[in-house]
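We'll hop from one selection to the next, and I'll tell you what to look for at each stop.

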Amino acid sequence: MNSTVVTFPEGRVTGRSEIVGTVPVGERHGLVVSETPFHPLDHTWPDQPADRGTIGGLPVVDCVTGAWSEGRLHLGEDIPARRGAEGWQWLVVHVTDTPLPVGESVDLAVDPAHRAALSAGHTACHLAALALNAALAGRWRKEPALDGLGHPDFDQTAITSSRISPGASLDVYRLGKSLRKKGFTADGLDAGLAEVAAAVDDRLKAWTAADAPVRLEVPGPELTARRTWHCALPEGEASIPCGGTHVSRTSELGTVTVELALEETTLTMRTTVTR
Ligand SMILES: [Zn+2]
């Protein structure tokens with residue numbers, strides 16, 4: 001089996017392809033095609049959930065990443081290699097309750113409303129991260145790596161997990177010793193949290209009003225190609241490495257707001273899209 005060609009980076013939600021492999025997934029069946037519009041959960045950075053939809057008319061109950069090497073297939077969390085590692089074939093595995101035969105041509109259809117809601121949640125997640133970087137910029141004593149807009153990249157430096165859901169995201173940041181060593185001060189952040197959230201919301205409001213174009217840079221057609229998200233914001237072009245799906249303009253998000261919460265050394269940011 002060769003690495004699956006994926007069309008979700010172009011925004012596709014339908015396709016037709018041939019089943020090139022089937023694998024057991026517990027009691028269920030994992031179907032692999034040569035080309036698919038389905039976005040699977042990534043095993044290395046599982047931020048955007050799997051698409052829903054149908055393959056050959058059968059419900060896709062889950063969609064996971066598979067890695068094939070030396071005649072063995074590993075799935076999801078059991079993959080022992082980093083995303084895109086050499087020597088592996090990277091597969092989109094569509095999980096169904098009923099098997100389909102290898103060689104059969106099938107229609108693939110992603111639930112478009114679910115995809116659109118995940119794309120909105122994902123674009124909002126990246127914009128909120130950039131707005132948070134800007135709002136926390138004054139808290140750095142040393143200059144760490146900068147984001148595309150020239151602010152200290154708090155998001156990439158402190159993030160521990162990111163979870164996208166329909167029209168929303170939840171990002172978790174660790175404000176521990178290592179972040180302090182890198183020059184970030186969390187002193188008084190608790191008392192100033194509402195002010196930070198308001199500054200993030202203000203910036204998000206300006207960015208959605210700016211109707212900025214969003215695009216993905218896609219260096220290759222395979223699942224694990226190193227794609228990059230770009231957004232041409234009024235302050236400049238921002239870019240973030242990203243394997244997910246997105247809206248094509250910031251105005252499609254309607255209103256984006258955040259809620260911040262600080263518990264000991266964990267900062268969480270819940271981002272919500274209201275369309
Ligand atoms: Zn992303």
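Contact here means heavy atoms within 4.5 Å. Buried means under 20% relative accessible area, exposed over 50%, and partly exposed in between, with a 1.4 Å probe and protein chains only. Helices (H or I, at least four residues) and strands (E, at least two) are DSSP runs, numbered from the N terminus.

Before you click, know that this is a predicted model, where local features need pLDDT of at least 70, side-chain atom pairs count only at pLDDT 80 or more, and totals for chains, interfaces and linings use all residues. Residues are numbered from 1 along each chain as its sequence is written, and side-chain values use heavy atoms, with hydrogens and water left out.

**Stop 1: helix α4**

Select residues 189-209. That's α4, with 21 residues and 28 Å from its first C-alpha to its last, close to the 30 Å expected at 1.5 Å a residue (the expected span is 1.5 Å times one less than the number of residues). Now look along the helix for glutamate 195: a kink of about 30 degrees is centred there. The bend at a residue is the angle between axes fitted to the seven residues ending there and the seven starting there.

Show side chains next. Which residues of α4 are buried? They are Leu189, Gly192, Leu193, Val196, Ala197, Val200, Leu204, Trp207 and Thr208. An α-helix has 3.6 residues a turn, so residues three or four places apart point the same way. The buried residues of α4 pack against α1 (112-135), β14 (228-233), β16 (255-263) and β17 (266-274).

Most residues other than glycine have a negative phi. Aspartate 211 is partly exposed, at 28% relative accessible area.

**Stop 2: the zinc ion**

What coordinates the zinc ion? His122 (NE2), His126 (NE2) and Cys242 (SG) do, at 2.0 to 2.3 Å. Donors are N, O and S atoms within 2.8 Å of the metal (3.2 Å for Na, K and Ca); water is not among the atoms, so sites may look incomplete. Along the chain, the donors follow the spacing H-x3-H-x115-C. Histidine 122 lies in helix α1 and cysteine 242 in the loop between β15 (236-241) and β16, so the pair ties together parts that are 120 residues apart in sequence. Histidine 122 is buried, at 0% relative accessibility, and cysteine 242 is buried too, at 7%.

**Stop 3**

Five of its six residues are buried, so β14 is largely enclosed by the rest of the structure. Strand β13 (residues 214-217) pairs with β14 in the antiparallel sense over four bridges; two strands count as paired if DSSP finds at least two bridges between them. Pick arginine 215, whose bridge partner in β14 is histidine 230. β14 also pairs with β15, antiparallel over six bridges, and these two form a hairpin with two residues between them. Leucine 233 has glycine 236 in β15 as its bridge partner.

**Stop 4: the nonpolar core**

A nonpolar core is a set of buried Ala, Val, Leu, Ile, Met, Phe, Trp, Tyr and Cys residues joined through side-chain atoms within 4.5 Å. Select Leu132, Phe154, Tyr173, Leu204, Trp229 and Leu233: of the 43 residues in the largest core, these touch the most other members. The largest share of this core, eight residues, comes from α1. Centre on tyrosine 173, which touches Ala129, Leu132 and Phe154, among others.

**Stop 5: two last picks**

Phenylalanine 184 sits in the loop between α3 (177-181) and α4, and is buried at 3% relative accessible area. Its contacts include Leu136, Arg139 and Trp140.

Finish with glutamate 264, in the loop between β16 and β17. Is it buried or exposed? At 80% relative accessibility, glutamate 264 counts as exposed. Check its phi as well: about 50 degrees and positive, although glutamate 264 is not a glycine.
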